[in-house]
Amino acid sequence: MDLATGRRVRQFFRERFGGGGPPERLFFASGRVNLLGAHVDYHGGPVLPVAVDRGVFVAARVRADRRLRAVSLDFPGAHDFDLDAPPNAAAAGFAAYPLGICVTLEEGGARLRGLDLAFGGTVPPGAGMSSSAAILVATATAIAETQGIALPPLERGRLAHRAETRFVGVRCGIMDQFASALGRAGHALWLDCKDQSHDYVALPSERMSFMMLDSMTRRELAGGSFNRRVDESTGALAKIRRTAPGATCLRDVTSAQLEAARGDLTDVEWKRARHVVGEVARVQRARALLAAGELLEFGSLMGQSHQSSRHLYEVSTDRLDALHELSVDHPDCYGARLTGAGFGGCALAVVRRGCEESFQAHVVEGFARRFGLSPAVHPIGFGGAPLEVADA
Ligand code: GLA
């Protein structure tokens, strides 16, 4: 965790909201990378995310009234809302996320006091590392801790997911919010998005490093492409269910059922559903490989996942494809794929520990030759569950 950013957030809070009154408290929630399971969470599939040491800090102080004030080092604007008459998400800018947590908590029966909140992150927004989930989980943590509301980790994840889908309006699955709320250092989270059961897979961290590869393009989830993929693939499910009525989500669909429904599907629906069915099978296989430390075989599933995301789900970009190709071309790379929603953002590579520098030089040089600009390529460490940060 980058404590210098935590200190800047604290300082920023004092500049904007004054240092008087009770001291502000500082909290941190992790972003995530997803090792495997692209666009399957909202189809009930299993995913394998890892909480990382980059995320979002929030400095928070409870108010005597019912106003929610929010500022951020990363987004423009100073927001000031009345919790008794909250605006809708479209009118709230980045503050739709913390406001969504408050509104959702109150819908569930809580009665909140107002809050002053200052945010600052070490995950670039739109980079595919779940900055929005980290804002939501950091806010939920700050409210739980400063207002004495019991929010066990699973509830925190569910609350953050409800806020993002129902209030902000992104039809995402539960992966990002759960990864941030339930993260454990040194482990991947095995999350079954159909029944929300979860478990942890210990990672062979003495043998591997995660490298983030930033394509230097940002995407905006609320901007439509994401929700369009949700529509296309749920459209496919509706048609498949005519011949496979027992399937409640795409995760339930077998290859044979998909094949049987092929004639009913448009080309786009067929590709989207084929990605999901194949990706679910890959994640199932990957869990045992990862637990056994079979990194080469695990990495090859990452490569298949990238190709499927590229050709079937069509969420990759030229730059992400180049980052993938350059990565797997390096002899010490086990595997690489786009991580997060795609449409820009980051790729993730798993490389042999000790080879980070030569890997970085190889990718940066190849990318610069092709696109004329340097991608940010750097190792990324483990995060964990959300926490209060007293030493920043
Ligand atoms: C975004 C969404 C997640 C998930 C991924 C793609 O990060 O928020 O729910 O669907 O994209 O795997």
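Which residue is the bridge partner of aspartate 214 in β12? In β12 that partner is alanine 376, and the pairing belongs to a predicted model, in which local features need pLDDT of at least 70, side-chain atom pairs count only at pLDDT 80 or more, and totals for chains, interfaces and linings use all residues. Residues are numbered from 1 along each chain as its sequence is written, and side-chain values use heavy atoms, with hydrogens and water left out.

**Strand β9 and its partners**

- Helices (H or I, at least four residues) and strands (E, at least two) are DSSP runs numbered from the N terminus, and two strands pair if DSSP finds at least two bridges between them.
- Strand β9 (residues 208–214) is antiparallel to strand β11 (residues 346–352), with 7 bridges between them, and phenylalanine 210 stands opposite valine 350 of β11.
- β9 also runs antiparallel to strand β12 (residues 376–380), to which 5 bridges join it.
- In β9, 7 of 7 residues are buried, where buried means under 20% relative accessible area, exposed over 50% and partly exposed in between, with a 1.4 Å probe and protein chains only.
- In a regular strand the side chains alternate between the two faces of the sheet.
- Both faces of β9 are covered, with Met208, Phe210, Met212 and Asp214 buried on one side and Ser209, Met211 and Leu213 buried on the other.

**The open sheet**

- An open sheet of mixed pairing is formed by 6 strands in the order β5-β4-β6-β3-β1-β13.
- β5 (79–82) and β13 (387–388) stand at the edges with a single partner strand each, so one side of each has no neighbour in the sheet.
- Within this sheet, strand β3 (residues 49–62) pairs with strand β6 (residues 115–121) in the antiparallel sense over 7 bridges, and valine 56 stands opposite glycine 121 in β6.

**Helices across the strands**

- Helix α1 (residues 3–17) lies across β1 (25–34), β3, β4 (67–72) and β6, at about 145° to β6; axes are lines fitted to C-alpha atoms, for helices over the stretch in contact, and angles run from 0 to 180 degrees between N-to-C directions.
- Helix α2 (residues 96–107) lies across β4, β5 and β6 and runs at about 150° to β4.
- α2 is mostly covered, with 10 of its 12 residues buried, and its buried residues, including Tyr97, Leu99, Ile101 and Val103, pack against β4, β5, β6, α3 (131–147) and α4 (153–168).
- Just after α2, glycine 109 takes a positive phi of about 110°.

**Nonpolar cores**

- A nonpolar core is a set of buried Ala, Val, Leu, Ile, Met, Phe, Trp, Tyr and Cys residues joined through side-chain atoms within 4.5 Å.
- The largest has 118 residues, of which Leu35, Leu48, Ile101, Phe210, Ile240, Leu290 and Phe359 touch the most other members.
- Leaving out residues up to four places away in sequence, isoleucine 240 touches Leu250, Val253, Gln257, Leu258, Ala261, Leu265 and Ala273, contact meaning heavy atoms within 4.5 Å.

**Glutamate 269**

- Glutamate 269 lies in helix α8 (residues 267–291) and counts as buried because its relative accessibility is 12%.
- Its side chain reaches the backbone nitrogen of threonine 266 at 2.9 Å.
- Neighbours within four places in sequence aside, glutamate 269 is in contact with Glu232, Gly235, Ala236, Lys239 and Asp264.

Notes:
A polar contact is a pair of N or O atoms within 3.5 Å; within protein, one must be able to donate a hydrogen and the other to accept it, and residues adjacent in sequence count only if both atoms are side-chain atoms.
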